[in-house]
Amino acid sequence: MNTDEILIKKIISGDEEALNLLVKKYYKLVYGFVYRKIGNYHMSYDITQEIFIKMIKSIKKYKHKNNFINWLLKIAVNHCNDFYRSNKNKEHVPIDNFYSLESDSDPHKEWLQKIDGEVIRKLVLTLPDYQRDVIILRFYNQLKFKEIADITKCSESTAKSRYRQGLARLKLLIKEDKHFE
């Protein structure tokens with residue numbers, strides 16, 4: 001089986017089949033992030049396509065010391081942020097299955113499972129982008145804080161702080177929500 005690095009070397013030398021394999025391998029993951037961040041099905045599809053175009057154009061800049069998926073997610077985060085800045089579009093779609101984690105290691109999983117998913121989806125969308133990014137990357141992509149810090153261009157302690165602040169804000173919003181009175 002081809003590793004990402006082998007595929008990247010083949011792509012740089014012009015191998016379209018390697019490009020197709022790499023895109024196919026990561027398409028759902030990138031689209032999932034974009035959809036949770038942007039929210040609109042069609043718009044997310046278009047933005048995902050743009051992200052892969054950016055990936056193709058900058059694949060020669062990829063440094064093999066980094067994890068490829070983190071590099072690709074960094075492109076996705078930056079592109080989504082650029083989208084918001086350029087369009088000033090703050091309409092988001094709810095995050096699906098926010099609390100469906102595969103790992104039981106996160107202490108917040110139990111708390112999140114007690115809460116109606118629709119409420120969580122709406123409340124997550126009220127978080128500032130920098131907190132929403134950390135929460136999406138942590139819960140959906142199950143990335144470590146070091147990886148999240150690299151993707152979001154902040155320190156590891158800042159990523160942890162944003163995560164804690166985002167969860168604290170969610171807890172506060174849930175307490176204020178009439179749904180839970």
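Modeller: In this predicted model, a search of the whole structure finds eight aromatic pairs.

Biologist: Why is the pair of tyrosine 27 and phenylalanine 52 called stacked?

Modeller: Planes under 30 degrees apart count as stacked, provided that the ring centres lie within 6.5 Å. The centres of these two rings are 5.8 Å apart and their planes stand at 15°, so the pair is stacked.

Biologist: Which parts of the chain does this pair link?

Modeller: Tyrosine 27 belongs to helix α2 (residues 16-38) and phenylalanine 52 to helix α3 (residues 41-58). The two residues are 25 apart, and the pair links distant parts of the chain.

Biologist: What makes phenylalanine 52 buried or exposed?

Modeller: Buried means under 20% relative accessible area. Phenylalanine 52 has 4% relative accessibility and therefore counts as buried.

Biologist: Which residues form an aromatic cluster?

Modeller: Tyr26, Tyr62, Phe68 and Trp71 form one such cluster.

Biologist: What makes arginine 138 lie over the face of tyrosine 163?

Modeller: The distance limit for CZ of Arg is 6 Å from the ring centre, together with a limit of 35 degrees from the ring normal. Arginine 138 lies over the face of tyrosine 163 at 5.8 Å from the ring centre.

Biologist: How many helices and strands does the protein chain have?

Modeller: The protein chain has nine helices and zero strands, and 46% of its 181 residues count as buried.

Notes. Residues are numbered from 1 along each chain as its sequence is written. This is a predicted model: local features need pLDDT of at least 70, side-chain atom pairs count only at pLDDT 80 or more; totals for chains, interfaces and linings use all residues. Side-chain values use heavy atoms; hydrogens and water are left out. Helices (H or I, at least four residues) and strands (E, at least two) are DSSP runs, numbered from the N terminus. Buried means under 20% relative accessible area, exposed over 50%, partly exposed in between (1.4 Å probe, protein chains only). Rings of Phe, Tyr and Trp (its six-membered ring) pair if their centres lie within 6.5 Å; planes under 30 degrees apart count as stacked, over 60 as edge-to-face and the rest as tilted.
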